[in-house]
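Here's a quick walk through the salt bridges and the chain contacts of this model. Take a look at the structure first, then read on.

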Amino acid sequence: SQSSEKHLGQFYTLPSAHFRPLFPHGLPYRYQQQVKTFNEACFMVRPPALEVISYLKKADYSKPALRYLFYGVKGSGKTMSLCHAVHFCYTQGWVVLHIPDAHLWVKNCKELLPSSYNSARFDQPLQATTWLRNFRTTNEHLLSQIKTKRRYVWTKRESTDEGRPLGELVNQGISRVKSSSDVVGALMKDLRLQSSQPGADFRLVVAVDGVNALWGRSTIKKENKSVDLEELTLIHNLKKLMKNDWTGGAIITTLSQTGSLYTPKSAYLPQELLGETGFDSMDPFIPVSVPNYSEKEFESAYLYYLDRKWLQHPQSRTEDGKKELSFLSSKNPSMLDRICGFL
Amino acid sequence: MAASLSGLLKPWTPRVFLVRWSRYNPYYLEPEVRKEAYSQPESELSAEEKEQRELKMIRPIKAAASGVTSSVFSDPVLSKFINMMMEHGNKVLAREIMTQTLENIKKKQVEKYHKAPEGQKEEIECNPYTIFHQALKNCQPVVGLESIRKGGKIYQVPIPLSDKRRSFLAMKWLITECRDNKHRRTHMYEKLSQEVMSAFVHEGNVIRKKNELHKMAESNRAYAHYRWW
């Protein structure tokens, strides 16, 4: 209803009631500042996001989940397309499992605990608790309706019984920091199993930004030895989610070179960033290329900035100024944003 | 040691040849950077312009300085300010700070604009360039003080300042004030934007310094005739 081919290049304003719960995390930093300045959140309707949304509308949810992958050069709008698609799913009432940046889970880890469930693996309590909190804000209204299917035992005294609402599970993870990574794993497993069942009344969308982190390397060190990715609980559980052996939902992902470790700056194609193992595990996926702005989109973005009083330099309103902007930014969305910032 | 290395010693030539700051022969002419000057047809100051063009076709021209651009967004006052902020030749950093300052000022003003009720929207100035230029103008002193030695004693004598000197003093005060008198942990662009915004409304330390200079000059008015130029 909101997005169709007629609206290509135009701006879609997010209702403010949707903005705070949907995006506690997941939007680029500069965009968040822009939302704060203009007092409104606008997405430009672009072909890659429209394509994915049309597939989501037409897909058969009794078949295994389809995997969509946004790829493109740095700053071309992959994260924004992901967020647009996630917003569509939210308006349809799906459960949103949005991981803002998988790279943050494989680097700069302040606390690494040995996992209680499996002694070979490591836990990351801080990242897990922040993610659970954000998950709770996004899916507040649905968590009370979905019930757990299995009994989970956390310690000798604490356990979550079958049939309790998922909200309790999430609260358990937030209050007991030590077992939060295991809660994340249990949550993912439960949601996956439940959405596969034919009688399920909800659908699951898994949105991961920077999915190439799952098959790269990590810089976390434990006693001067680099930790292997398989030994991290969060990454292990996320990889299980990425396999398309469950039904009743969709997996939307983005590649990202900016946060990735040990990859060259010029790499942006799926083959280069995912590597052998990653590409093989993601194998039947739908790649969606996110190019720079076309003429019409650039025009639209320029007019939007003019309308919101963001382009203040008197020369930027002339034809010459516009040509110069187009040349300097080479129609790359993030470069255009940075240049218009000080003009 | 010297015998083994002598084969490697080449006459040293720098990687970058500095052409502009070596002394040009006065025969060389200044380059014309603005795009408009080249798109004008035969119709302007016919005699002088045509003579100038003839001269440019014959005489050699100096290399353009790296700080000037033919972009429509270039501003000489801004370039001067960026050069004054630059340390150890790090123009990239100085320019970055300047653009962040302008963006910060614009962000604050646009936020205020969007939150203001309809009646007050026209009064809010959103253009960071006009704010910056106006703030600099507000900081410029009208008269300066000079130490003049007369009869063994040194007097602080008020003297008129040229335009260049005034704008230089305004920019210098702004930069030194931001560097020295602010909290250590704030970024330079944050400090600069606060100072520029307060100078725009005639508040802040730089305006205060300018006013103190004016008061000193006023109090020393009696010695004004000690100036002989």
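Let's begin with Asp337(A), which counts as buried at 11% relative accessibility (buried is under 20% relative accessible area, exposed over 50%, partly exposed in between, with a 1.4 Å probe and protein chains only). Before going further, some ground rules: this is a predicted model, where local features need pLDDT of at least 70 and side-chain atom pairs count only at pLDDT 80 or more, while totals for chains, interfaces and linings use all residues. Residues are numbered from 1 along each chain as its sequence is written, chains are lettered from A and ligands numbered from 1 in the order in which they are written, and side-chain values use heavy atoms, with hydrogens and water left out.

**Salt bridges**

What does Asp337(A) meet in a salt bridge? Its partner is the side chain of Arg30(A), at 2.9 Å from N to O. A salt bridge here is a side-chain nitrogen of Lys or Arg within 4 Å of a carboxyl oxygen of Asp or Glu. This pair links distant parts of the chain, since Asp337(A) sits in helix 12 (residues 333-342) of chain A and Arg30(A) in helix 2 (residues 29-38) of chain A, 307 residues apart. Helices are DSSP runs (H or I, at least four residues; strands are E, at least two), numbered from the N terminus. Arg30(A) is partly exposed, with 23% relative accessible area.

Over all chains, the rule gives 20 salt bridges. Here are some of them:

| Pair | N to O distance |
|---|---|
| Asp337(A) and Arg30(A) | 2.9 Å |
| Glu295(A) and Lys331(A) | 3.4 Å |
| Glu190(B) and Lys108(B) | 3.5 Å |
| Arg30(A) and Glu103(B) | 2.7 Å |

Now for the Glu295(A) and Lys331(A) pair, with its closest N and O atoms 3.4 Å apart. Glu295(A) belongs to helix 10 (residues 295-307) of chain A and Lys331(A) to the loop between helix 11 (319-329) and helix 12 of chain A, 36 residues apart. Glu295(A) is exposed at 56% relative accessible area, whereas Lys331(A) is buried at 17%.

Over in chain B, Glu190(B) and Lys108(B) pair up at 3.5 Å. Glu190(B) lies in helix 8 (residues 188-200) and Lys108(B) in helix 5 (residues 91-115) of chain B, so the bridge ties together parts that are 82 residues apart in sequence. Both are partly exposed: Glu190(B) at 22% relative accessibility and Lys108(B) at 30%. Back with the opening pair, shared partners join Arg30(A), Asp337(A) and Glu103(B) into one salt-bridge network.

**Where the chains meet**

How many salt bridges does the rule find across the interface of chain A and chain B? There is 1, and the side chains of Arg30(A) and Glu103(B) meet in a salt bridge at 2.7 Å. On the chain A side that touches chain B, helix 2, helix 11 and helix 12 of chain A each give two or more residues. Helix 2 of chain A gives the most, with 5 residues. By class, that side has 8 nonpolar, 9 polar and 6 charged residues (Ala, Val, Leu, Ile, Met, Phe, Trp, Tyr, Cys and Pro count as nonpolar, Asp, Glu, Lys and Arg as charged, and the others, Gly among them, as polar).

In total, 23 residues of chain A are in contact with 17 residues of chain B, contact being heavy atoms within 4.5 Å.
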